[in-house]
Amino acid sequence: MSINRYFKERLPFIILNVVLCIIVSATMIIAGFSYFAVVSLVCAWFIPLITYMIYQCLKFKRYIDNIVAVSEDLDRKYLLPEIIDEEDFMEAEVICSILRDADKSMHQEVKIYENEQKEYKEYIETWIHEIKTPISSIELIVANSDDNPYNSKISYEIKRIERYVEQVLYYAKSSDTEKDYVVKKFDLRSSVMKCIKSNSLYFINKRIKLDFGEISEQIYSDEKWIIFIINQILVNAVKYSHEDDGIIKIYSHKKKDSVELIIEDNGIGINEKDIDRVFEKGFTGDNGRKTGKSTGIGLYLCRKLCDKLGLNIMISSEENRGTRVVVIFPKSCLIDEIFS
């Protein structure tokens with residue numbers, strides 16, 4: 001708060017007092033009062049007035065400066081009404097009251113929004129579990145219809161539906177993974193194999209070769225979420241690989257304080273101007289717009305879940321040469337390091 005501005009805003013009041021003082025002083029002089037009496041009047045008029053204004057200014061400045069300082073230090077600005085000091089003058093009481101009313105109203109609105117979001121999320125999760133039943137029924141019908149020439153194509157499309165349904169489920173859960181997060185020891189190679197098996201139809205349909213390298217690490221994390229992340233990366237690798245001559249390499253590399261799971265393809269790659277945005281929600285890039293196959297959700301979910309699990313994910317690519325995705329498991333995830 002500026003002292004100059006405080007007095008500038010009260011300039012009309014000061015001018016009014018000066019004008020009135022001049023009129024009264026002139027009247028006293030005309031009436032024959034001594035100059036000493038006039039000077040005494042001026043001093044009695046302005047010394048208390050100026051002293052009071054300075055006191056009010058300093059008191060209000062201290063209060064405003066405190067609010068500004070507290071607000072600047074707060075990461076969550078909405079907590080300001082609960083932290084600022086209470087003062088016993090009217091302006092401060094009014095400001096505190098308004099801020100607390102606004103804060104209360106904001107919390108009520110947020111609560112309504114949270115309840116709506118919770119209900120919507122519960123509905124989505126219920127719907128996902130319900131839709132799995134007819135999908136399983138279709139799979140069973142296809143499996144028992146050996147003479148249908150379209151079985152392989154139907155199975156392929158069913159797998160796609162299952163993948164999109166799974167993506168919706170994990171998207172719904174991604175905001176509160178801690179409620180569905182179970183840390184346990186598992187074999188990284190086994191998890192990768194599960195991903196390869198679940199995507200086998202994609203490999204077969206596009207006749208893509210798999211180069212499966214050395215993966216021997218034991219990991220501490222949530223296997224279910226890790227499998228989902230690897231699945232998303234594999235699906236992207238298959239989607240943007242060349243048919244017939246596509247090759248996807250999967251291997252791990254152990255470093256001093258981490259293990260890197262690497263998935264490489266020799267597909268169409270990513271445009272240089274898009275590479276920094278591939279983890280953004282809804283971003284599809286040139287390739288997604290050309291093929292019409294991208295939702296812009298898969299890699300966004302991978303980054304979000306990696307952040308939740310304490311992992312890191314990196315991507316590098318060269319257009320028409322392929323893409324390389326690296327999932328980094330830090331030291332805290334490694335069995336040998338934890339018990340060494």
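Where is Arg207 placed? Arg207 is in the loop between α8 (200-206) and β2 (209-212). Helices here are DSSP runs of H or I with at least four residues, strands are E runs of at least two, and both are numbered from the N terminus.

A word on the model before I go on. This is a predicted model, where local features need pLDDT of at least 70, side-chain atom pairs count only at pLDDT 80 or more, and totals for chains, interfaces and linings use all residues. Residues are numbered from 1 along each chain as its sequence is written, and side-chain values use heavy atoms, with hydrogens and water left out.

Back to Arg207. Its phi is positive, about 55 degrees, although Arg207 is not a glycine. Arg207 counts as partly exposed because its relative accessibility is 46%. The cut-offs: buried is under 20% relative accessible area, exposed is over 50%, and partly exposed is in between, with a 1.4 Å probe and protein chains only.

Asp244 is another such case. Asp244 sits in the loop between α9 and β4. Phi of Asp244 is near 80 degrees, again positive in a residue other than glycine. At 45% relative accessibility, Asp244 is partly exposed.

Next, strand β4. Ser252 lies in β4, residues 247-254. Ser252 has 15% relative accessibility, so it counts as buried. What does its side chain meet? A polar atom of the Ser252 side chain lies 3.0 Å from the backbone oxygen of Glu214. The side chains of Ser252 and Glu217 make a polar contact of 2.9 Å. A polar contact is a pair of N or O atoms within 3.5 Å; within protein, one must be able to donate a hydrogen and the other to accept it, and residues adjacent in sequence count only if both atoms are side-chain atoms.

Now the core. A nonpolar core is a set of buried Ala, Val, Leu, Ile, Met, Phe, Trp, Tyr and Cys residues joined through side-chain atoms within 4.5 Å. The largest has 48 residues, and Leu234, Ile248, Ile250, Leu261 and Phe329 touch the most other members. Helix α9, residues 223-239, gives the most to this core: eleven residues. A second, separate core has nine residues, including Leu74 and Ala92.

Last, helix α5, residues 90-143. Its 54 residues should span 80 Å at 1.5 Å a residue, and the end C-alpha atoms are 79 Å apart, which agrees. The expected span is 1.5 Å times one less than the number of residues. Among the buried residues of α5 are Cys96, Asp103 and Val142.
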